[in-house]
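Hello,

Here is the structure I said I would pass on. My notes on its charged pairs and its surface follow below.

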Amino acid sequence: MKFMSIASKDLKELLRDRRALFFILLLPIFFMLIFSFAFGTMGQDNQPNNIAVVNQDNGVTLPNGTTVNYGNNFTDTMKSLKYQDSDVNLFNITQTTDENASNLVKQRNVDLELIIPPNFSQSVLEMEQSVQGSGNGASLNGSNTVSSKLIIRGDKGYSGFGTSLSILTGVVGSYQNSIIGALGGVDPEKFIQTSVEGIPGTQSFTAFDYIAPGMMVFAILLLSTSVAAMLTKEVESGTLRRLKLSEMTSFDYLFGGLLPWSLVAGAQIIILLVVAIMFGFHWQGGITSIILAVIIGIIGGVASISLGMIIASFAKNPPQASQLGTLIAVPVSFLVGAFFQLPQVVIGTFMGQEIQIYSILPWYQVATALRTVLTNGGGWNSVVYNIAAAIGLTAILFVIGVYLFSKTRLKSEKT
Amino acid sequence: MEGYVMEAQDLTKKFGDFLAVDKLNLKIKKGEVFGFLGPNGAGKTTSINMMVGLLSPTSGNVLINSEEVERMDKKTIGICPQELVLWENLTCSENLKLMGDMYTVPKDILTERIETLLKDLYLTEKADTRVSNLSGGMKRRLNLAMAVIHEPEIVLLDEPSEGLDPQSRRVLWNYIRSLRDDDKKTVILTTHLMDEADRLSDRVAIIDHGKLLKLDTPENLKREIGEGDIIEMTLPNNETKEYVMKYLEKLEDTISVVEVDGKINLRAFNAVSKLPKIVGELEKSNIQIDDLSVRQNTLEDVFIEITGTGLRE
C-alpha cells in the first residue's frame with residue numbers, strides 16, 4: 001500500500017503549503033465573486049430575448065362565424081411586450097418552421113423555440129367559454145376540456161435558454177390571465193399547458209447561473225497547474241529521485257498522487273457551490289445533486305491531474321510548470337465554455353448526442369454535466385452520457401499522462 | 001567478485017562532447033569505507049549515479065553483488081545525495097516514515113528504526129518539527145538518516161559533510177564509522193575534503209576529469225609520494241614567484257615545487273632545516289614573504305602530486 005503513503009504525503013504537503021492552498025481554493029472563490037457581481041442580477045442590462053416561434057395553430061371558428069388564430073394573437077402579443085419602464089422589447093421573435101427553428105437553436109441564433117400546437121386556438125376558446133360559464137354560475141366538466149401544450153425546446157446547457165424560458169413562462173401565465181380576466185374561477189392550466197424539454201423553469205435565471213458551474217470547471221482545470229508545479233518541484237528538489245531509488249513503482253506514485261488531488265477537486269465543488277449560492281446562484285436539486293456534482297468534479301479533477309502530469313513531463317522547473325499550466329488551463333477553460341457559451345461546431349453524432357469539436361475535452365463534458373445537475377436540476381439520467389464521455393476521455397488523458405511522466409521522469413535518466 | 005560488493009567495469013559517461021567519466025574501473029570491498037576523492041566537477045557524482053542505476057552509462061557495466069545494477073534489489077543501496085533531498089513540509093519522523101514505507105519496512109520495525117536513527121543523529125527533539133524549520137546541520141543529518149532507514153547493505157554518501165559546522169561534522173563522521181564498525185555496512189563516500197577522506201576511508205580512489213588516477217589506502221598513498229614535509233609560502237606579488245620557484249627547485253633534497261591556490265608548495269626531506277637558508281636567500285634578493293608554514297604530508301599533497309593542481313572549488 002505504498003500509494004497510500006504517497007497519498008498521505010501529498011495531502012500533508014498540500015494542506016501545509018498555504019500559498020498552494022490559497023492558489024487552489026481561494027483564487028477560484030475570488031473569481032467566483034467577481035463573476036457573481038459581473039453576471040449576477042446586479043447591473044444586468046435588459047436585452048431582447050431571441051426566440052423562434054413555430055405556430056402550428058389551426059385556428060378556430062367562433063360561434064359568430066369569424067375565424068380566429070390565437071397562435072398568431074399570442075405571437076403578436078409577445079412581439080409587443082416590453083421590459084417594465086423601458087422601450088426594450090422582451091422578445092425578438094423569428095417565426096419559422098420546426099426544422100428551421102431547431103437549426104436556429106443549434107446555431108445559438110435564438111435562445112429557444114416555442115411550438116404552438118395545432119389545437120391552441122381551440123383550447124383558448126374553451127378557456128374563454130368556461131370563464132364565461134363560470135361567470136354565469138355554470139360549472140365546467142373537466143373531462144370535456146380541450147387542452148393544448150406549448151412546447152419549449154432549447155439547449156439545456158445554454159444560459160440564454162434559461163433566461164428566455166423564465167420570461168416566457170411568465171408571459172404564458174399573463175396571457176392566460178388576460179383571457180380569464182378578473183372573473184377567475186377557472187384553472188388556466190386545464191387549457192394551456194407548457195412543456196419544457198430538458199430544463200425545469202426558473203424564476204430568475206441569470207448569466208451567473210450559467211457561469212458558476214463553469215467557474216468550478218475553471219478551478220478544477222487550475223489544479224493541473226498546481227499538480228504540474230508539485231510534480232516538477234519533486235523533480236527539481238530531487239525527492240522524486242529519492243523515491244525512484246526505492247521500491248516504489250510508477251503506479252504507487254501516480255495513483256497515490258491522484259487520491260488527494262481528487263479530494264481537492266471534490267472539495268472545490270462543494271466550497272465553490274456554497275460561495276456561488278451565497279452570491280446569487282440559483283442552485284437546483286438537493287443533496288443528490290451535490291453528490292452527483294462532487295463525483296463529476298472528481299472526474300474532472302482526474303482529467304486535470306492527467307494534464308498536470310503531461311505538463312510536468314516537459315516543464316523544467318516549478319515556475320515553468322506554473323506558466324505552462326496557466327497557458328494551457330486558461331484557454332482550455334474558454335474552449336470548454338467555462339466563462340461563456342461557445343458557438344456550436346457540430347462534427348457528428350454519437351448515440352443520439354451531437355458531438356461538438358469541444359466534446360473531445362473531458363472538461364466540456366464535466367461543465368455540461370455540472371450545469372445540468374446544479375443549474376438545471378437534472379438527475380443521473382440527464383448526465384449519464386456526459387459522465388460516461390468524461391470518464392472515457394479522462395482515461396485516455398490519464399494513460400497519456402502516466403506514459404509521458406513515467407517515460408520522462410520515472411525512468412533512469414539517459415542523458 | 002568474492003569479497004566485493006560493487007564493481008565498475010569500463011564505466012563511461014558522455015554528455016554530448018563532454019566526457020564526464022572515462023572508463024572507470026574499480027571494485028569496492030564488503031564492509032569498507034571507500035573514499036571517492038576529487039575536486040568539484042571531477043565526475044564523482046556522475047559515477048555514483050551510474051553505480052546506483054540512476055543514470056544510464058554511455059558504455060560499461062556496474063555489478064552489485066555480481067548482479068547487473070538494473071536487477072539489483074533496491075533495498076541493497078541507500079543513497080545520501082549531495083543536495084538536501086527532503087520533503088520540507090513534512091516532519092523529521094514523517095520523512096523517515098515515508099522512506100521506510102517506500103522500502104516496505106514493517107511498521108513495528110520502522111517505528112523502532114526511526115527512534116534509533118533520530119537518537120543516533122541527535123534529532124530526537126526535532127522528531128515532530130517540520131524540515132523547513134530545521135537548521136542546515138540538522139537537515140544534513142536527516143538527509144543521511146533517510147539513506148539508511150531501510151538498513152541497506154551499501155550506503156552511498158555523496159559529499160555528506162558539505163556545509164556542516166564542526167560539531168555536526170563530528171556527529172556525522174562518528175555515525176559513518178559506526179555504520180562500518182557496528183553495522184558492518186559498506187560505505188562509499190565521495191568528498192572533496194582531504195581531511196574527511198583521510199580520517200574515514202579504508203581505501204581512497206582519486207578521480208579527476210572523469211578518470212581514476214589512484215586507488216589505495218590513505219597511508220599507502222601518502223607513503224607513495226614520500227616522507228618529505230611541506231613548506232607553504234605566500235608572496236605578496238606574482239613577479240617574483242617564478243624566480244623563487246626556480247630557486248627552490250635547485251635546493252638539495254627538493255622533491256617537488258608546485259603552485260597551489262596562489263601559494264608555493266615545496267615538498268622536501270628535512271624541510272625544517274632548510275627554512276633559515278630559504279628565508280636568508282629571499283631577503284638577500286629583497287623578496288618579501290607574506291606567509292610561511294611547515295606541515296606534514298597529507299592526502300591533499302598526494303592529490304597535488306598526482307594531479308599537479310589543488311582542489312578546484
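B:Glu94 is buried, because its relative accessibility is 18% and the cut-off for buried is under 20%. Please keep in mind that this is a predicted model. The partner of B:Glu94 is A:Arg16, and the closest N and O atoms of this salt bridge are 2.7 Å apart. A:Arg16, for its part, is partly exposed, with a relative accessible area of 23%.

B:Lys75 is partly exposed at a relative accessible area of 32%, and A:Glu247 counts as partly exposed at 22%.

Within chain B, B:Lys241 forms a salt bridge with B:Glu259, the closest N and O atoms being 3.5 Å apart. This pair links distant parts of the chain, 18 residues apart: B:Lys241 belongs to helix α8 (residues 241-250) of chain B and B:Glu259 to strand β12 (residues 254-260) of chain B. B:Lys241 is buried, with a relative accessible area of 7%, whereas B:Glu259 is partly exposed, with 40%.

In chain A, a network of salt bridges links A:Lys9, A:Asp10, A:Glu13 and A:Glu234. Over all chains, the structure holds 21 salt bridges.

A:Phe37, A:Ile270, A:Val274, A:Met278 and A:Phe279 make a nonpolar surface patch of about 480 Å². Which helix gives the largest share of this patch? Helix α9 (residues 250-278) of chain A does, with three residues. A:Val274 lies in that helix. A:Val274 is partly exposed, with a relative accessible area of 46%, so it passes the patch cut-off of over 30%.

Best regards

Key:
Residues are numbered from 1 along each chain as its sequence is written. Chains are lettered from A and ligands numbered from 1 in the order in which they are written. This is a predicted model: local features need pLDDT of at least 70, side-chain atom pairs count only at pLDDT 80 or more; totals for chains, interfaces and linings use all residues. Side-chain values use heavy atoms; hydrogens and water are left out. Patches are made of residues with over 30% relative accessible area and no salt bridge: like charges are joined within 9 Å, nonpolar side chains (Val, Leu, Ile, Met, Phe, Trp, Tyr) within 5 Å. Accessible areas come from the Shrake-Rupley method with a 1.4 Å probe; for residues, only the protein chains shown count as cover. A salt bridge is a side-chain nitrogen of Lys or Arg within 4 Å of a carboxyl oxygen of Asp or Glu. Helices (H or I, at least four residues) and strands (E, at least two) are DSSP runs, numbered from the N terminus. Buried means under 20% relative accessible area, exposed over 50%, partly exposed in between (1.4 Å probe, protein chains only).
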